[in-house]
Amino acid sequence: MRKVYDILTGVILVICLVCIVGIGGLYLMGKTPRVIVSGSMEPEIHTGSLAFIDTNVSYEDIEENDIVAFENENGDMVVHRAIAVTDGGIETQGDANDVSDGVTTTEDNFYGQYLFSIPNIGYLLFAIKSRRGIIICVTAIIVYALLGVIIGDDSDKDKEKQETKEATS
């Protein structure tokens, strides 16, 4: 049983390390993760996806059909396709929308260019960030740690058996 626990612990640690290093590395290179909360870019970007935005891309480099991230008048991050690039700004529209957003993106509210997304990870992140999610995560960590203590260390049991054998010999 202890071997299964140790293997599971190793797998969990490797997964966590890969996620932290991967997302942290992307973040340090200017690739910011954002959760997509609407279906306006379906089927290209699914609701609940974790989208990565390249903040190093220059506003002047954006072309028609690029997917851009910008801050709307409410302060929310929006990820939509550039349907026209004019002197007045970038006209955007969600792929699933019937009408244009109008010229919504200027150099002042431009955030970056969409790179790629990982479907459904955003749902997990929202769940973890909720009060219930935090309680569940903390409880799971405590239970897992207690399970490790209850299972105990096989090497201690092996030592006890060895000492018992030596004492009876």
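This report describes the side-chain contacts of a predicted model: its cysteines, aromatic pairs and salt bridges.

The model is predicted, so local features need pLDDT of at least 70 and side-chain atom pairs count only at pLDDT 80 or more, while totals for chains, interfaces and linings use all residues. Residues are numbered from 1 along each chain as its sequence is written, and side-chain values use heavy atoms, with hydrogens and water left out.

**Cysteines**

A disulfide is defined as a pair of cysteine sulfur atoms within 2.5 Å. By this rule the model has 0 disulfides. C16 has a relative accessible area of 39% and is partly exposed. C137 is also partly exposed, at 30%.

**Aromatic pairs**

A pair of aromatic rings is described by the distance of the centres and the angle of the planes. Rings of Phe, Tyr and Trp (its six-membered ring) pair if their centres lie within 6.5 Å; planes under 30 degrees apart count as stacked, over 60 as edge-to-face and the rest as tilted. The count for this model is 2 aromatic pairs.

One of them joins F52 and F116, with 4.7 Å from centre to centre and 20° between the planes, and is stacked. This pair links distant parts of the chain, since F52 belongs to strand 2 (residues 50-54) and F116 to strand 7 (residues 110-118), 64 residues apart. Strands (E, at least two residues) and helices (H or I, at least four) are DSSP runs, numbered from the N terminus. Within the pair, F52 is buried at 1% relative accessibility, whereas F116 is partly exposed at 34%.

Y59 and F110 form a pair with ring centres 5.6 Å apart and planes at 70°, so this pair is edge-to-face. Y59 sits in the loop between strand 2 and strand 3 (67-71) and F110 in strand 7, so the contact ties together parts that are 51 residues apart in sequence. Y59 and F110 are both buried.

**Salt bridges**

A salt bridge is a side-chain nitrogen of Lys or Arg within 4 Å of a carboxyl oxygen of Asp or Glu. How many salt bridges does a search of the whole structure find? The search finds 3 salt bridges, as listed here.

| Salt bridge | N to O distance |
|---|---|
| D54 and K31 | 3.5 Å |
| R81 and E44 | 4.0 Å |
| D95 and R81 | 2.8 Å |

The bridge between D54 and K31 links strand 2, which holds D54, to strand 1 (residues 31-35), which holds K31; these residues are 23 apart. D54 is buried with a relative accessible area of 10%, and K31 is buried at 17%.

Which residues are linked in a network of salt bridges? The network consists of E44, R81 and D95. R81 lies in strand 4 (residues 77-86) and E44 in the loop between strand 1 and strand 2, 37 residues apart. D95 is in the loop between strand 5 (89-93) and strand 6 (102-105), 14 residues from R81. R81 counts as buried at 16% relative accessibility. E44 is partly exposed at 41%, and D95 is partly exposed at 32%.

Conventions
Buried means under 20% relative accessible area, exposed over 50%, partly exposed in between (1.4 Å probe, protein chains only).
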